[in-house]
Structures are given as structure tokens and as C-alpha cells.
Amino acid sequence: MNIAIVGASGAVGHELIRVLEEQNFPVTSLRLFGSKRSAGSKLTFRGKEIVIEELTHDSDFSGVDIALTSAGAGTSKEFAEVITRHGAVMIDNSSAFRMDSDVPLVVPEVNGADALDRPRNIIGNPNCTTIQMVVALAPINRLSPITRVRVATYQSASGAGASGMAELEAQHKAIAAGEEPKVEKFAHQLAFNVIPHVDVFMDNDYTKEEMKMFNETRKIMHSDKISVSATCVRVPVLRAHSEAIWVETESPLDLKEVRKALEEAKGVVVLDNPAEKEYPMPLPIAGKDPVYVGRLRRDIADDRGLSFWIVADQIKKGAALNAVQIALWLLKHDPRFAK
């Protein structure tokens, strides 16, 4: 497979390179694209240095089978035609096309087959918070359709990219040195704080991040019956997002049956032993692939409700890994690529 990565110099771009190696993806050639500022610099893939090319309207993507793009919505919109004009499948990590009716929004464990219906040769990679949530929701939804989801997210600095992580680290260092911490990336100081504000506020007083969870969940799970109410919070954690989730199903479910379904679900690890203080936490889960589920219990305020806690690495499953898993799904199931 001839692969391109657009936005190679960013945090997700670096992670895409690592994930391609970890997944032993069959790469025949790899081309890296970036801004004028990053063009000419080099990154290493499987022991070989690759020069980053500047992405321009004259960039030639002929011969590229799959392009993994993570350079922001503006760049994706501007260069989508350049990337796809010769037949490359664009797996896009931005919000540019996620809700377009002719662009599938895919989490392979949930709706991999949607990737085959891509009129524009673009596949959307969902928002990080949505990805990890629907991986955990899907096994439950198969037991009884989910009607309502309430979720509070605890989102790490990595959700704001490498600069977000750097700002959190710098703030802690400044405070330890008795200096005033600089606030540039986030709305307020993140160190020793939590900020109930991720992305911009909409007219309904929900943030764009919260509305992504509402709209994307419905599209991925093919259901306009699921209502999702989210409060997204930035927390002083470097990497890996956590979510507290309450779901309501059409019929009451047996807790043992739910646990079994989660344990058998692809991409899910159940870590749930409160008596031994075993539950998912972002620190030990950073850098790992699965979505971890714990604190599974009945919702005592709802006889058709369940409550649980999930953690996943935002840069891996929430971005780079899911994109590469879409590509792997295509290799296995798309007649164009399947051997």
C-alpha cells in the first residue's frame, strides 16, 4: 500500500507513524506532507528517514492508495480535491466532513461497513470523545437499543495537541518555581484546575465538542433515537481521556449479561474490581490501544439505566489508531484493496 500522511509534523501525525509501525501495516511507500514551515524536516519510519513535503495545490497524490489527514478542518477542506483527485481514499481526522451525508463516519468496531459507501472517497474519523464512547456503547446497544446517554468527559491536555501538553507541563514548572503560569492554549490555567469548557460555545449553551458527541453518536450508530447530553471538561492530565457515562436502554438489562458483552467486545478491556481498587485511570492507560471500561453498575436513579466509566488514549484510539484501523478494515473488506 502506498500511504500518505498529511499533517505529519503534528502530535497525531507523529502518532500515525508510530501506529503504522505497531500495527505492522503493509506500507510499500510512505509520503509525508506538512506546512511550508515543516517542509524539509525529516521523520523516521521503520528506520528510514523521510523528508516532509510541503502540501500545495500542485502536490501530486497519484499512486497514493490511502491518505491519512490530520492538519485541521481548514486544510482538509482546502486540499480534499487535491488529495483525492487521483483516487486516493482520504481518511480525515478533522471535523471538516464528519456530518456530511456523503461522507461515512467510521469506528471499525461499530460500523466498519459504512467505509465502503464513500462517494467522495473521503472517510471521516470521528471526534476523540465520541470514538471511545461508541466503542463501549455498541455492545450494550446490541442487547437492547439505547435511548438516552448522559456523559461527563474528563479530557486531557493532549486533546489540544502537542502545544496543549507543553502548556500544562510549563504551567506546573512555573508554579513550582514560584512564577506566574502563562495561559495561551486554554481558556484558563489548567494546572491544578479543571475547565468546563472544550471548544467554542454554541447558541444553545452547549459547546461544539458536546454537540459533536450528540450528532456523531447518532450517525455512527445509525439511530436518531439516541439522545446524548454531554458536559465536556478539560482536566490537568497529559494524555488519555476519561468519561463518566449513564445510559438508558429500551428494556432493563441483566448486569452480568452487559459485563459479558463488554468483555467479548472487540477493542474493549473490562477493568472493574472496585474491592481491589482496580478501575481505569488515564496515567497507566496512556499509550495503550483499547477502550477500558470499569465502575459498571446499575443506575440507582433509573430502572433501565446503567452507569460506567471509560478511559482511552485520545491520540491513539481517539485519533491515529482509529484512522489506521479504518485503513486496515479497507484492506480486509474493500474489493479495491482486499487480496
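Val-6 sits opposite Phe-33 of strand 2, in a pairing (at least two DSSP bridges between two strands) that links strand 1 (residues 2–6) to strand 2 (residues 29–34) through five bridges. The two strands run parallel. Strands here are DSSP runs of E with at least two residues, and helices are runs of H or I with at least four, numbered from the N terminus. The model is a predicted one, with local features needing pLDDT of at least 70 and side-chain atom pairs pLDDT 80 or more, while totals for chains, interfaces and linings use all residues. Residues are numbered from 1 along each chain as its sequence is written, and side-chain values use heavy atoms, leaving out hydrogens and water.

Strand 1 has another partner: strand 5 (residues 66–69) pairs with it in the parallel sense over four bridges, and here Ala-4 faces Ala-67. Together with helix 1 (residues 11–22), strands 1 and 2 form a right-handed β-α-β unit; seen with the strands pointing away from the viewer, the path from the first strand over the helix to the second runs clockwise.

Turning to the helices, helix 4 (residues 128–143) and helix 9 (residues 316–333) have axes that come within 8 Å and cross at roughly 85°. The pair is therefore roughly perpendicular (65 to 115 degrees). In contact (heavy atoms within 4.5 Å) are Cys-128, Ile-131 and Val-135 of helix 4 with Lys-317, Gly-318 and Asn-322 of helix 9.

Key
Buried means under 20% relative accessible area, exposed over 50%, partly exposed in between (1.4 Å probe, protein chains only). Axes are lines fitted to C-alpha atoms, for helices over the stretch in contact, and angles run from 0 to 180 degrees between N-to-C directions. Angles under 35 degrees count as roughly parallel, over 145 as roughly antiparallel, 65 to 115 as roughly perpendicular and the rest as oblique.
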